[in-house]
Amino acid sequence: MSNLTFGIIKPDAVRKGVHGSIIQRILDDGFQIRGMKLIHQSRKQAEGFYAVHRERPFFGELTKFMSSAPCIVMVLEKENAVPEWRNLMGATNPAEAEEGTLRKEFASSIGENAVHGSDSVENAAIEISYFFSKLELV
Ligand code: GDP
């Protein structure tokens with residue numbers, strides 16, 4: 001499972017119409033896409049997904065944003081997928097993201113930052129199973 005990670009192309013990126021460009025960048029970076037679907041999360045689903053952030057001051061804003069419009073959930077495969085995907089995403093705050101990262105190019109703000117990626121192999125497994133059944137992975 002350590003070669004898999006979970007990603008989201010967030011509502012801001014889908015709304016802007018840059019999801020195609022982001023998917024191309026993912027493929028160009030050598031990831032294989034094992035699962036992908038367009039969903040529109042309910043507020044409850046977003047709250048469940050981000051439950052670890054429940055006490056953070058931005059929890060309300062974050063879950064409202066994540067349930068505001070469709071997003072694309074993905075299962076990505078590559079050697080060392082978790083750090084590799086986070087490297088491609090860039091820093092949480094686009095103002096701090098390095099040149100060549102997705103957040104540098106596509107994110108608008110620290111909240112609306114284009115993409116999500118799991119921060120550990122353990123969380124990747126939890127997050128994949130939150131959105132995908134085994135049958136949906138190729
Ligand atoms: P990530 O792992 O890089 O996505 O960052 P975190 O786990 O720290 O935060 C999760 C998500 O919460 C981020 O991707 C942002 O969408 C959001 N977030 C983090 N910090 C802030 C903040 O200060 N304000 C708002 N509105 N959202 C934030």
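How do the residues of the lining of the largest pocket divide into nonpolar, polar and charged? I put this to the model, which is a predicted one, and found 11 nonpolar, nine polar and nine charged residues in that lining.

Entry on the pocket. I looked up the space in the largest pocket and noted about 840 Å³. The lining has 29 residues, and those closest to the centre of the pocket are Tyr-50, His-53, Phe-58, Leu-62 and His-116. I then listed the elements that give two or more residues to this lining, which are the helices α3 (43-49), α4 (59-66), α5 (81-89) and α7 (121-131), together with the strand β4 (115-117).

Entry on the ligand's place. I checked where the ligand sits and found it in the largest pocket.

I went through side-chain N or O atoms against the oxygen atoms of the ligand, and for Thr-92 I noted a distance of 2.6 Å to a ligand oxygen. For the side chain of Asn-113 the corresponding value is 2.9 Å, and for the side chain of Arg-86 it is 3.1 Å. Last, I looked up how much of the ligand is covered: taken alone, the ligand exposes 550 Å², of which the protein buries 81%.

How values were computed. Residues numbered from 1 in each chain as written. Predicted model: local features only at pLDDT ≥ 70, side-chain atom pairs only at ≥ 80, totals over all residues. Heavy atoms only, no water. Polar contact = N/O pair within 3.5 Å; in protein donor to acceptor, adjacent residues only side chain to side chain. Areas by Shrake-Rupley, 256 points an atom, 1.4 Å probe, with all protein chains shown as cover. 1 Å grid on protein atoms, 1.4 Å probe; cavity = no way out; pocket = protein on both sides within 12 Å on 5 of 7 lines; lining within 4 Å. Sits in = over half its atoms within 2 Å of the grid points. Points joined across faces, edges and corners; volume = space filled by probe spheres on them. Helix = DSSP H or I, 4+ residues; strand = E, 2+ residues; numbered from the N terminus. Nonpolar A, V, L, I, M, F, W, Y, C, P; charged D, E, K, R; others polar.
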